[in-house]
Amino acid sequence: MTIDPVLLQQIINGLSLGAMYSLLALGFTLVYGILELINFAHFNVFMVGSFVGMWALELFGLSGQSITLSGFTLVGVLLFAFAATMLVSGVLGVAIERLALRPLRNVSGPAAMITTIGVSYILFNVILLTVGAGSLNFPNPLPRMRWVVGGAVLELRSVLIWGVSLVLMLGLHLFVSHTRLGKAMRATAQDAEAARMMGVDVDRVVVTAFFLGSALAGAAALIFGLYYNFTSFLIGYTAGLRAFTAAVLGGIGSVTGAMLGGIIIGLVESLGGHFFEVRWADVIIFSILILVLVFAPSGLLGRATPSRS
Amino acid sequence: MTDLKAPTSDSGLAERAATAPAAAGLSLAGLARAAPLARIPPHLRSRGAALTMLLLAALFPILHPNDADIDAAANALTYASLALGLNIVVGMAGLLDLGYAAFFAIGAYAYGIAASWQVTPLWTGYWEPLQWLGLVARFHQAGGDVVHFQVSFWLMMPVAAIVAAFFGVLFGAPTLRLKGDYLAIVTLGFGEIVPIVVRNTPSLTNGAMGLNGVAAPQLFGWSFGIAATPYYYVGLLLVALLMVTSQRLKISRIGRAWMAIREDEIAAAAMGINRVRMKLLAFATGAAFAGATGTLFVAKLQTATPEMFMFPVSVMILVMVVFGGVGSVWGVVIGAMILQLLQSWLLQDLSGWLNALGRLIHSGWLSRIQLASSIELIFGLILVFMMLYRRDGLIPATRRQRALSLGEQHAQVGSGGIAALKGLGALDDSRDGPLLEIDNLTVRFGGLVALRSVSLAVRAHSVLAVIGPNGSGKSTLFNAVTGLVSTASGQVRFAGADITGRPPHVVLDRGIARTFQNLRLFPNLTVLENVLIGMHARLHTGAAGALLRLPRTRREEEAARERALEILSVFGNRLLPRVDHLVSSLSYANRRRVEIARALASQPKLLLLDEPTAGMNPAETLELAGQIKDLHRLGLTIVLIEHKLDVVTSLAERVIVLDHGERIAEGTPAEVRRDEEVIRAYLGRSAAVA
């Protein structure tokens with residue numbers, strides 16, 4: 001049996017997109033799992049992260065696609081870029097929690113969510129006003145290695161994306177399931193009040209969730225830059241909404257669900273363009289979002305129904 | 001009546017409160033001495049203020065004939081009407097809608113298509129009637145005549161509102177089961193889909209290029225053209241109309257139902273509000289406002305592109321509502337005007353001044369700065385700071401009442417006069433048999449059996465107490481009867497009719513009202529509003545009635561208020577001086593009383609009280625027990641869950657004991673007290689043996 005090479009190519013592309021959406025979806029799901037808050041600021045933490053990643057790469061004199069590195073230099077530069085982007089994004093996430101969201105922790109209703117929309121707007125416009133509206137060329141130091149698999153082209157950057165995402169998701173999984181803080185996170189997600197009474201420092205758990213989620217958004221942002229070779233103040237909204245759809249599809253609050261949902265949304269995006277017209281891809285994705293929320297609000301792997309009363 | 005220490009100024013309080021709806025306007029007399037304006041009654045004062053504002057707004061283009069400024073003001077009015085529409089959905093009904101601009105788009109494109117050259121089907125005879133009505137014209141063209149749509153702006157405005165309302169119901173229907181954040185996301189999804197569909201159907205909308213050449217409105221043959229002033233006046237009239245609409249809805253039965261849903265959906269349903277219908281009505285009303293506004297917007301611009309209706313527009317309208325005051329009609333209008341004028345006037349001027357300053361001090365950066373582009377940054381900052389420091393907005397929807405003075409609080413604490421309460425417990429006495437019959441009722445929560453084959457019967461005009469240890473299924477019994485939990489098997493019959501599994505609002509309508517163990521009041525509404533919501537099922541005013549405010553509606557509303565005060569007087573002077581206070585400011589015991597008053601307001605035949613005296617001190621308990629006894633004497637049938645056995649003994653004729661979801665005993669209070677099963681359930685096996 002042979003697969004249509006074009007289809008195979010779309011699957012490879014879809015998996016790369018999906019890995020990025022998974023990383024981004026994890027941030028939504030971590031925060032939602034603990035605070036039951038949809039964090040719209042996450043969209044633009046991702047966007048800011050892509051600029052941080054770009055500046056981190058430019059520190060090494062890289063710009064555009066003309067300079068490529070190899071060997072240990074490449075590994076070192078990439079490691080530094082990922083570490084710096086994730087750290088800065090993580091700190092940004094923590095700052096947002098600390099300054100804007102913690103005072104609203106015990107306020108009922110949509111106040112906290114409206115605040116995250118406001119924060120998202122602030123990040124968006126700070127970048128727009130300082131960097132400008134044009135899209136910028138993202139440095140890509142990866143050598144042009146490619147292999148032909150079954151008629152489709154597999155590029156080094158796809159392999160790199162898969163590898164990085166796998167490592168990060170595995171790391172998150174180990175952290176949540178095997179560390180003391182991870183256990184505290186799971187406890188808080190189930191019942192914050194009970195966890196607090198058992199001596200869990202809920203503030204610390206919340207800060208950790210924001211840090212990890214935002215750091216993963218930073219990694220996703222760097223991947224975005226390396227994959228698409230550009231960044232702009234606009235990228236947060238579309239990518240963020242797709243990643244959010246992924247989190248909902250997988251079952252918001254569920255870590256494995258977010259990973260699975262991300263892959264599915266990535267495949268829907270690339271295969272949707274294959275089977276339908278590209279311009280309808282967004283309609284398909286938003287329809288999935290609405291249909292899941294309306295008919296199966298706990299998603300593929302979620303546990304709780306989302307309706308709180 | 002025995003309290004001689006009550007200050008004389010407060011002694012007539014109960015009477016005054018009972019006769020005048022403005023019971024909390026106690027300080028009015030004091031104010032009148034201070035300011036002559038205060039001598040005018042409050043409703044006339046606010047009407048006068050509104051008319052003055054309208055007059056000033058109407059004079060603005062004459063006093064300041066600058067076309068650019070009038071244009072900016074006309075745009076601001078457009079956004080004010082959008083904010084009013086979103087305020088219905090978000091502010092009153094509490095449904096967070098992040099895709100509101102979609103309805104704006106639908107209204108805009110409805111007029112845009114009906115008054116432009118975008119769609120030109122071939123001419124056939126079927127179009128003749130429409131041509132005769134002046135809606136379409138026959139246009140001669142090489143290759144066959146085509147139809148040119150030229151529907152009048154004035155006709156299209158209400159039509160676009162109806163079309164948008166239809167989509168409001170369409171988008172609202174699937175979201176009805178969702179709450180809060182999830183509702184927001186689904187509406188955001190619809191808000192994204194609509195502009196994409198518009199962009200991707202160029203045959204109808206000209207796609208991303210935008211609709212062009214939309215006809216300007218005409219009035220008596222005179223076209224509005226591109227001058228801003230006529231649009232300004234249409235916008236002003238639209239805003240005035242929508243404000244009156246909002247205000248009238250807000251103070252009507254409909255508005256109260258919306259606010260009840262916003263405050264507590266479950267309690268709203270238990271008080272007889274049909275949630276599905278009311279939420280759809282809110283969506284439809286909000287969408288209709290946006291649809292009508294879209295007509296004006298596209299007529300003024302004479303073009304429409306999908307980019308005009310994207311997410312940032314929805315957020316901007318939300319910012320206006322949040323900034324002005326969620327739920328406050330004047331607040332959102334003023335919020336929208338300030339933000340729009342900030343954008344088009346203040347930031348422009350400020351940029352000009354800063355640029356001049358920059359040239360003066362040779363600062364290249366300062367001389368180029370353009371503040372208008374930072375408006376979205378300002379929106380973001382406004383959202384965050386309003387949420388952090390002033391969640392009620394510029395003009396809060398509810399004004400806090402001052403707390404009562406010590407003297408007022410202690411004036412005439414008595415059991416009140418309930419010699420008679422109209423319509424209370426009125427039954428069709430020709431019918432025999434028990435009022436409420438429960439047959440083998442079983443309720444399961446997953447693996448847990450909360451009620452196992454429970455049967456009981458409640459005679460008309462009797463008092464039945466349900467007792468049992470914690471977790472024995474008492475509240476579940478109430479929830480199953482009132483339709484809040486679904487039953488696995490068994491039957492509930494009320495007045496002979498099967499009501500098993502009927503939704504809560506239907507159960508209330510049949511005549512069963514209840515209170516909740518953990519209090520489910522509407523905390524940000526006043527005592528009076530809470531009680532009026534209890535009357536929802538007994539009042540008849542619909543949306544149209546609320547808008548027209550015909551004499552019939554006014555009479556109904558006045559009678560409802562009078563009756564609410566009559567019911568509140570059941571609790572003597574506990575609640576009457578506080579009718580205009582927010583429930584969230586009341587003491588715990590008073591909240592319990594409000595909940596009972598709210599249940600009584602629905603004119604129940606059967607009242608279910610879930611631990612009515614919980615959290616009350618012995619004196620308050622005694623007082624309330626006396627009041628419940630009075631209600632029973634007036635003919636009301638009562639079932640109560642109670643832990644205080646002296647209350648049970650003094651009130652109930654019969655007692656039913658539940659344990660682990662099963663009925664273990666029934667009898668008079670004395671019999672039940674001696675029952676060994678009961679002693680064992682409460683005190684354990686050894687106590688029963690001893």
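In which sense do strand β11 and strand β12 of chain B pair, and over how many bridges? Select residues 606-610 and 637-641 of chain B: these two strands pair in the parallel sense over 5 bridges. Strands pair if DSSP finds at least two bridges between them; strands (E, at least two residues) and helices (H or I, at least four) are DSSP runs, numbered from the N terminus. Within the pair, B:L606 stands opposite B:T637 of β12(B).

This is a predicted model, in which local features need pLDDT of at least 70 and side-chain atom pairs count only at pLDDT 80 or more, while totals for chains, interfaces and linings use all residues. Residues are numbered from 1 along each chain as its sequence is written, and chains are lettered from A and ligands numbered from 1 in the order in which they are written.

Next, select the whole sheet. In chain B, 6 strands form an open, mixed sheet in the order β10-β11-β12-β7-β13-β14. Its edge strands, β10 (512-514) and β14 (662-667), each pair on one side only.

Contact here means C-beta atoms, placed from the backbone, within 7 Å.

Last, show both chains. The contact takes 33 residues from chain B and 31 residues from chain A. On the side of chain B that touches chain A, α9 (180-200), α13 (265-270), α15 (311-324) and α18 (375-389) give two or more residues each. The largest share, 12 residues, comes from α9(B).

Definitions and conventions: Two residues are in contact if their C-beta atoms, placed from the backbone, lie within 7 Å.
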